Amino acid sequence: MAENLAARFAEQLDETQWRSPDDLARHRREALGPLVVHARDTVEFHRDRLAPLFGSDGKLHLERWGQVPLMTRADLQSQGQRLISSAVPESHGPTATKTTSGSTAMPIKMTTTRFANQIGKAMTLRLFDWAGLDPALSMAAISEGHSGKAAYPSGRRRRHWHPRAAMAKTGGGAYLMLDLTTPVHQQAEWLIRNAPDYLHTFPSNARALAGHFTETGEPPPPIRKIMT
């Protein structure tokens, strides 16, 4: 059921992205209205924060978004439980906690739901489609999210990386993972040995790899596209 939700939402994104500005604005109002009311009524942090959007008669005025203070990273770190809804819809599935990597030395902990994860999967699917990535080709990911799970020399391997292949439970290009802390010369050897079609890594790491191949004169693997 969850995979069907992601597939349906991906189809909706494919359709709505081509609407006229007026149609998109109307669609946005219809979607945001109930969400804003729910946030005000069930999330302590948003109770006063969203007050500028409501008139004295309780009517919602989405055109007043400019009056709502921007949420900062410090807000996300300090407000904790005040940012969690007291009435998460049962249809959104169980909640779980996620933590950002802390690459800025300021990690953030957040609560998410199975529904939110599926929406994220659909948006990732659209991103890959926009980038013109082929689900049948292989993807290598060199990132910190694989720390302790994808050590050199083998790394880690999954059957597929593309959400559409996962949703359809069919074959796709392999997903190859390697810990970002792996020395650059070993990353290069791993990439040559596995010869992925796509690479997903940080811009600084992609530059370090390019520098390695330039300095050594070693032919780089035939990577078609790099996602940073």
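Author: A quick definition to start: the expected span of a helix is 1.5 Å times one less than its number of residues, with helices (H or I, at least four residues) and strands (E, at least two) taken as DSSP runs numbered from the N terminus. This is a predicted model, so local features need pLDDT of at least 70, side-chain atom pairs count only at pLDDT 80 or more, and totals for chains, interfaces and linings use all residues. Residues are numbered from 1 along each chain as its sequence is written, and side-chain values use heavy atoms, leaving out hydrogens and water.

Reader: How far apart are the end C-alpha atoms of helix H8?

Author: H8 covers residues 203-216, which is 14 residues. At 1.5 Å a residue, they should span 20 Å. The model agrees, because the end C-alpha atoms are apart by 20 Å.

Reader: Which residues of H8 are buried, and what arc do they cover?

Author: Buried means under 20% relative accessible area, exposed over 50% and partly exposed in between (1.4 Å probe, protein chains only). Asn205, Ala206, Leu209, His212 and Phe213 are the buried ones in H8. They sit on the same side of H8, because their arc (from the directions from the helix axis to the C-beta atoms) is only 115°.

Reader: Which residues make up the ring cluster?

Author: Rings of Phe, Tyr and Trp (its six-membered ring) pair if their centres lie within 6.5 Å; planes under 30 degrees apart count as stacked, over 60 as edge-to-face and the rest as tilted. A search of the whole structure gives two aromatic pairs. Phenylalanine 128 and tryptophan 161 are edge-to-face, because their centres are 5.1 Å apart and their planes at 75°. Ring pairs link up a cluster of Phe128, Trp161 and Tyr198.
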